[in-house]
Structures are given as structure tokens and as C-alpha cells.
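Good morning, and thank you for making time for this item.

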Amino acid sequence: MLAEPLSPSLQKLHLDDGRPVEWAVSEAYVDYAAAEAFMEARVAAIAAGEASEMVWLLEHPPLYTAGVSAKDEDLLDAGRFPVHRTGRGGQFTYHGPGQRVCYVMLDMNRRGRDVRCFVRGLELWLIGALSDFGVAADVRPGRVGVWVERKGPGWSREDKIAAIGVKVRKWVTFHGISLNVEPNLDHFGGIVPCGIQEHGVTSLVDLGVLATLDEADAALRRSFVSLFGPVTTAKAPV
């Protein structure tokens, strides 16, 4: 969790006006098309002032998604898992068991109407949650997502531990982030994740942190509150 006060540029993301964000967690795997359909409806309702903001935590069965910048050549094994074309930003990514996906439906009309600031908030949210496990993570210029540096005798490399891909409609956000807790990392081999060939992917468990999804959820919740404001537990949509 962030230990220092938010910078003035990020203060606009934090709300404490008596309207907490609904925080929902699905226990079973959620079909990707069903999740997209829910987000579409919820975003429209938020924009119309008919629903509150929501963060929805879930797992998907194994699948690949292609964002608006995805390149066909980055899909290395099209028959391995279902492929979903989606309107979020970014390129190809993998979702599956052991990975915590967080769909973030926030009203940026109330949070500064600054997409760059919002994405920075997502980065800091992940960085803060990972710090609860003693994992030093950060961003890298020109690379989307959150990264860790790994070192050993005579070697070093940087691996991605969390992905970010968002969409904004009428200043309401959807899609969001994914944090690798304990996914099967071999499943990333069917794509070039986010179009980046020269770096790998990792997870908390791969780094030696034997965290559960529940523990990751608790860290994500603490870090989110520090950046975006209070939440209230809600029933999962699916």
C-alpha cells in the first residue's frame, strides 16, 4: 500500500464523498462474453446516473484476448484457447485460472477526466498491492503493465507480472487489470504478450511468494482504497 500522500495530480482520483465503489468478487470462473456484456450494461448505467461505480474481481477459464492494437502475427497458436476480439486498449493477453482479473468501472466525470492520470492510478494500485508481498515492481518506459526485475548469478531480466488494458466511454472506464498470482505461465506461450518478445512473464508464486487469490484480493483492496477511495462489498454479477 502507498505509504506517502498522493501527489496533487493524483488527488482527483480519490473520492471520499459518501458514495463508495462496489467491490465484487466472483468465486467461479466467468465466461468472457458474459463479463463483457455485463460491463457494457453497467457502464451505460453509470453514465446515465443509474448505477454506482464497481470493481469486479474474477477468474476466466483459459483464453486469449486481442485489444485494438493486436497484431495477427502475435497470435502464435490460434487453436490453443478461445480468442476474443475486444475493444479495450492494448494487444494480445492471456487470462486464466490463478490470475486475478479486475474489471474497473469508474466514473471519470467525478475523477478528473484524465485518462493518463487514471492509467497511472492503475499502475500505482498494482505496485502498492505487490509491495504488501515484498515484491518491488514498477513500470518501464514504452512498455504497458507492471514489471519486476529478476537477478541471479551472471544474469538479469525483466518480467511482466501484471497487465493493463482499458476502455473509456462517456468518461466511464471498463476492462482494467490482471495480476498473475499463480497462473500456468506456459499458457502465455500461445501469444506474444502485449507484443513484447524480448521479455517474459512471471507471477507471485513464480517469484517464490506463496500467495492465495484471497490474499491478493486483500492487498488489491487495501491499495485501491488508498488511491481511489472507499469501497463496499457487493454481490458479484456472475
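**The chain as a whole**

In this model, which is predicted, the protein chain has 4 helices and 12 strands. The radius of gyration of the chain is 17 Å, close to the 18 Å that the globule rule gives for 238 residues, so the chain is as compact as a globular protein of that length. The C-alpha trace spans about 50 × 40 × 30 Å along its principal axes.

How much of the chain is buried? Buried residues account for 50% of the 238 residues. The accessible surface of the protein chain comes to about 10600 Å², and 51% of that area belongs to carbon and sulfur atoms. As for contacts, if we take those between residues at least 6 apart in sequence, 70% of them join residues at least 24 apart.

**Two places around strand β7**

Let me turn to individual residues. Phe-133 sits in the loop between α3, residues 115–131, and β7. In the C-alpha trace, Phe-133 and Leu-210 are 77 residues apart along the chain, yet their C-alpha atoms are separated by 9.4 Å.

Arg-140 belongs to strand β7 itself, which covers residues 137–140. Is this arginine, Arg-140, buried or exposed? With a relative accessible area of 18%, Arg-140 is buried, because the cut-off for that class is under 20%. Leaving aside neighbours within four places in sequence, Arg-140 is in contact with Trp-147, Glu-149 and Glu-158.

**The loop between β9 and β10**

Two residues with positive phi come next. Lys-170 lies in the loop between β9 and β10, and Trp-171 lies in the loop between β9 and β10 as well. Phi of Lys-170 is near 50 degrees, a positive value in a residue other than glycine. For Trp-171, also not a glycine, phi is positive at about 65 degrees.

As to accessibility, Lys-170 counts as exposed at 66% relative accessibility. Trp-171, with a relative accessible area of 28%, is partly exposed.

**The cavity**

How many cavities of 30 Å³ or more does a search of the whole structure find? The search finds 1, and the volume of this largest cavity is about 60 Å³.

Its lining consists of Thr-93, Gln-99, Lys-160, Ile-161, Ala-162, Ala-163, Ser-178, Asn-180, Phe-188, Pro-193 and Val-201. By residue type, the lining divides into 6 nonpolar, 4 polar and 1 charged.

Which strands each supply at least two residues of the lining? They are β9, residues 155–169, and β10, residues 172–180. The largest share, 4 residues, comes from β9.

To close, I would ask you to keep two points in view: the model is predicted, and the cavity lining draws its largest share from β9. Thank you for your attention.

Note on methods. Residues numbered from 1 in each chain as written. Predicted model: local features only at pLDDT ≥ 70, side-chain atom pairs only at ≥ 80, totals over all residues. Heavy atoms only, no water. 1 Å grid on protein atoms, 1.4 Å probe; cavity = no way out; pocket = protein on both sides within 12 Å on 5 of 7 lines; lining within 4 Å. Points joined across faces, edges and corners; volume = space filled by probe spheres on them. Nonpolar A, V, L, I, M, F, W, Y, C, P; charged D, E, K, R; others polar. Rg over C-alpha atoms; globule rule 2.2 N^0.38 Å. Buried < 20%, exposed > 50% of the residue type's maximum accessible area, 1.4 Å probe, protein only. Contact = heavy atoms within 4.5 Å. Areas by Shrake-Rupley, 256 points an atom, 1.4 Å probe, with all protein chains shown as cover.
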